[in-house]
Amino acid sequence: MTSNIPPPARHDSQGIPMHAPGSRLTTATNKYKDTHPVPEKPHVSPDIEAYKAAHSGSVGPHSDAWWAEQARENLTWIKDFTIVRTGGFPSEQELKENKSPSPTLPITWFTDGTLNACYNCVDRHAFANPDKTAIIYEADEPGEHQYITYAMLLNEVSRVANVLKGMGIKKGDTVTIYMPMTWQAVVAFLACVRIGAIHSAVFAGFSAESLRDRILDCQSTVLITADEGRRGGRSVATKVIADQALKECGDANPVKHVLVLSRTGSKTVAGQHFTPGRDVWWHEACANVPAYCPVEEMSSEDGLFILYTSGSTGKPKGILHTTGGYLLGALLTVKYVFDVHPGDKFACMADVGWITGHTYIIYGPLALGTTTTVFESTPVYPSPSRYWETVSKHGLTQFYSSPTAVRLLRKLGHQHVQDHDLSSLRVLGSVGEPINPEAWNWYNEHVGKGECAIVDTYWQTETGSIVVTPLPGAIETKPGAATVPFFGIEAEIVDPLSGKPLEGNGVEGVLCIKNPWPSIARTIWGDDKRFVETYFKPYPGHYFTGDGAARDEHGYIWIKGRVDDVINVSGHRMSTAEVESALLLHNGVAETAVIGTADELTGQAVNAFVTMKPEFSFDPTSEPALVKELVLQVRKIIGPFAAPKKVYIVSDLPKTRSGKIVRRILRKIASGEGDQLGDLSTVAEPEVVEVIKKKVAESP
């Protein structure tokens, strides 16, 4: 059914009890650098006592009342809820007693309430402030940017929603989105949820095979794509790949309609890769439908989107997020983690095809009514100054990127930063993996000028939104530490052998979360049993993140990486990130990836793949001395037990198109399984893999 929704409620209150500033966490030291104090840039929000009070309220005995207040204050509801939450994580006994083939996880939030995510992200802001910029679209070529207002966004979203309805899409149907980083990609997401459809976005760098598998798994009848994408000055054959995926679906192909955005106006696509009767141009379809589409009334627990994440074994997992809880988690984390205020311009430099783009380009910023950024290009096109030119041009206030990007820009030199006005920035964020202290300090010194808060955020596709992070104005930071749990998160360090939570500080184990929070995923699409067995069976009564973690002497949480990225050498457990940080302290090292391989004597051995800075010159005859120097550095910084057994000096590392190092490839090559690498479709430059294989094969 459709519904008329009341005018938007006020949602600009910070919602945290304010206390006089001055109470700070005790300054502490670690092996890298002293704790960094809270910066004094304008607009910093709650102090440490306010954080403690809010966190206590969000997890304590009266937490339902806390969450109800947040949900009502920040979201606009069609029908108010009376039930805040039900269910919890299954205990060991409950797991044993569940004899059904597909055990379910009965977690719900705001169950009997109804709302619409698109209304919360678009309509209420378009009604209140139609001329406010909703999206800054920074196109691949500098100078081709656009500003899309909330009124413009409402118009375009409504038109695409009407097109989808004309294609037969209705509440509960799935739509696959395979689009480049254009502002219209945001429109596609919001058009789906406006009419109650569940979107499944597939990163536009994925192969035809990956797209095929995802279409078949969620049985989408409509695919939204583009003729081509643009990235780093080059065109990407998006429609050609989409066509191949549909062809490979064979007789099982569920797709009946393909909506195609004309991004480049490719005549080749128009002439050779356009199927009449199935394919329709976005602009032509939108020209023939009304400019307003009523929103669908959705239960808080109705599906919002599916997002596939790779499993360590088996097919990718289609993580399902639902409407009310996810939207609240996205909004609150933007609001508090990034200290967003009216007039801010928020920039997350991820791709909308990943969870970071879903939450921190689309749903979080737009639900809050702020200005968000869609960045189509790369950090180094047409020069390594591109990020900083973008910040200066648009006056961005928050900047959220990955450690990989920071390390790359650090490698290329701070001279690309220093000539740009970055004074608008207040908060710098890091996401994707633990940021090594050297990159953190570079980010702080050269981008933040020592005046910005830096939030090193930890979360996952399955958590929906950030779960461990500093808060600007409240939490002092340590380079490399994720620091403290966000509201509603009861983080526990669990002994991996006994399965018991480790009390006190100075402990290390696996990171688990006790009790559900609103934005937690609800299931794996079509596989409830796998969902329970993956995330809740390993440590009953807890959500298992799959990551190792430590809680230091001051109560800060440090993420040690995936459990399978923890190396155990002769009983000494160390994270790969720790060894990588030690190697990066060498003045010639640009990037490094550390993996563990089986060793007959020590159980596991440390192997390091290292790239050197362009200005650091050495010839092949001096390479053995350089390797020895790097090994001695790790011995000195961490200890003899951490010394790499092998160090490979390579020209580059295998990375995805989003810049993430693919360590599984390095692990297989170093283990002598270079002929069993599997699918390399996500690797940006596959030729790098062959160079590394040759390097390892020739190594003594």
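**Sheets, packing and cavities**

Mentor: Strand β15 (residues 317-322) and β23 run antiparallel and are joined by two bridges, where a strand is a DSSP run of E of at least two residues and a helix a run of H or I of at least four, both numbered from the N terminus, and where two strands count as paired if DSSP finds at least two bridges between them. The model is a predicted one, in which local features need pLDDT of at least 70 and side-chain atom pairs count only at pLDDT 80 or more, while totals for chains, interfaces and linings use all residues. Residues are numbered from 1 along each chain as its sequence is written, and side-chain values use heavy atoms, with hydrogens and water left out.

Within this pairing, L320 has T523 of β23 opposite it. Both strands belong to an open sheet of eight strands with mixed pairing, in the order β12-β11-β8-β6-β7-β14-β15-β23. Because β12 (279-281) and β23 (523-524) are the edges and each has a single partner strand, one side of each is left without a neighbour in the sheet.

A second open sheet has three strands in the order β28-β29-β30, again with mixed pairing. Its edge strands, β28 (589-599) and β30 (646-649), each pair on one side only, and from one strand to the next the twist averages 20 degrees. Here angles run from 0 to 180 degrees between N-to-C directions, and axes are lines fitted to C-alpha atoms, for helices over the stretch in contact. The antiparallel pairing of β28 with β29 (residues 603-612) extends over 10 bridges, and E591 has T611 of β29 as its bridge partner. Helix α14 (residues 403-412) packs on this sheet, touching β28 and β29, and its direction makes about 130 degrees with that of β28; contact means heavy atoms within 4.5 Å. Helix α19 (residues 663-670) also lies across β28 and β29, running at about 50 degrees to β28.

Turning to helix against helix, α17 (residues 576-584) and α18 (residues 623-637) pack at an angle of about 120 degrees, with their axes 9 Å apart. The residues in contact are V579, A582 and L583 of α17 together with L630, Q633, V634 and I637 of α18, and by class they are six nonpolar, one polar and no charged. In this scheme Ala, Val, Leu, Ile, Met, Phe, Trp, Tyr, Cys and Pro count as nonpolar, Asp, Glu, Lys and Arg as charged, and the others, Gly among them, as polar.

The largest cavity has about 80 Å³ of space, a volume being the space filled by probe spheres set on grid points that are joined across faces, edges and corners. Its lining consists of 14 residues, with G329, S465, F487, W517 and S519 nearest the centre, and divides into nine nonpolar, five polar and no charged. Helix α11 (residues 323-337) gives the largest share of that lining, four residues.

How values were computed
1 Å grid on protein atoms, 1.4 Å probe; cavity = no way out; pocket = protein on both sides within 12 Å on 5 of 7 lines; lining within 4 Å.
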